Amino acid sequence: MDAAQQEATARARELQRNWYGEPLGALFRKLIDDLGLNQARLAGVLGLSAPMLSQLMSGQRAKIGNPAVVQRVQLLQDLAAQVADGSVSAAEATERMDEIKRSQGGSVLSNATQSTTSSGAPTVKRVVREIQSLLRSVSAAGDIIDAADTLAPTHPELAEFLRVYGAGRTSDAVTHYQSHQS
């Protein structure tokens with residue numbers, strides 16, 4: 001790989017970190033490990049071609065262009081967490097992955113109740129990820145920051161929201177959300 005390709009890959013991974021909280025290669029490898037998948041099965045569940053998944057993982061391509069695929073990634077992350085905490089068995093996980101594969105996506109916020117607390121309310125992390133996914137599916141982090149800068153003089157709360165949720169890290173957004181719920 002020449003210097004220009006290395007620079008382009010590093011830029012793509014940084015964009016992925018801004019948009020998705022981490023490079024997609026790391027995110028997809030976690031899903032593969034946590035759910036016992038291979039790349040071909042993960043690509044199938046997400047609704048991507050194997051080459052597209054490979055390009056996203058390697059940093060040859062930066063963005064998932066289809067919001068329904070982003071939603072499936074989130075659903076798989078939630079499923080992996082449920083498998084890890086023992087609330088979903090391996091057999092149930094396989095069944096759920098088939099459901100996720102068949103899902104059409106629809107509204108990015110439509111499946112908010114799938115990851116819930118014992119009271120039935122969506123988890124804070126789930127709410128934050130859905131807000132981030134919605135914002136990141138329509139604009140890049142730099143564009144969101146530019147919009148926040150434009151709005152800041154007249155709408156400072158909205159500008160802060162865009163910076164934290166649209167371009168920030170998930171953990172920072174969760175802290176922000178929790179601090180504003182009091």
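I looked up Gln77 and its contacts (heavy atoms within 4.5 Å). Gln77 touches Leu27, Leu31 and Arg129, leaving aside residues up to four places away in sequence. The model is predicted: local features need pLDDT of at least 70, side-chain atom pairs count only at pLDDT 80 or more, and totals for chains, interfaces and linings use all residues. Numbering runs from 1 along each chain as its sequence is written, and side-chain values use heavy atoms, with hydrogens and water left out.

I placed Gln77 in helix α5. Helices here are DSSP runs of H or I with at least four residues, numbered from the N terminus. Is Gln77 buried or exposed? Gln77 is buried, because its relative accessible area is 16%. Buried means under 20%, with a 1.4 Å probe and protein chains only.

Next I checked the largest pocket. A pocket is an open set of points on a 1 Å grid over the protein atoms alone, where a 1.4 Å probe fits, with protein on both sides within 12 Å along at least five of seven lines; lining residues have an atom within 4 Å of a point. I noted 20 lining residues, with Glu22, Lys30, Gln77, Lys125 and Arg129 nearest the centre. Helix α5 gives the largest share of the lining, five residues. Helices α2 (24-35), α5 (67-84), α7 (124-138) and α10 (170-179) each supply at least two.

Last, I turned to Ala43, in helix α3 (residues 39-46). Ala43 is buried, with a relative accessible area of 2%. I found that Ala43 touches Leu48, Ser49, Ala50 and Leu53, not counting residues up to four places away in sequence. The C-alpha atoms of Ala43 and Phe28 are 9.7 Å apart, across 15 residues of chain.

Terms used: Buried < 20%, exposed > 50% of the residue type's maximum accessible area, 1.4 Å probe, protein only.
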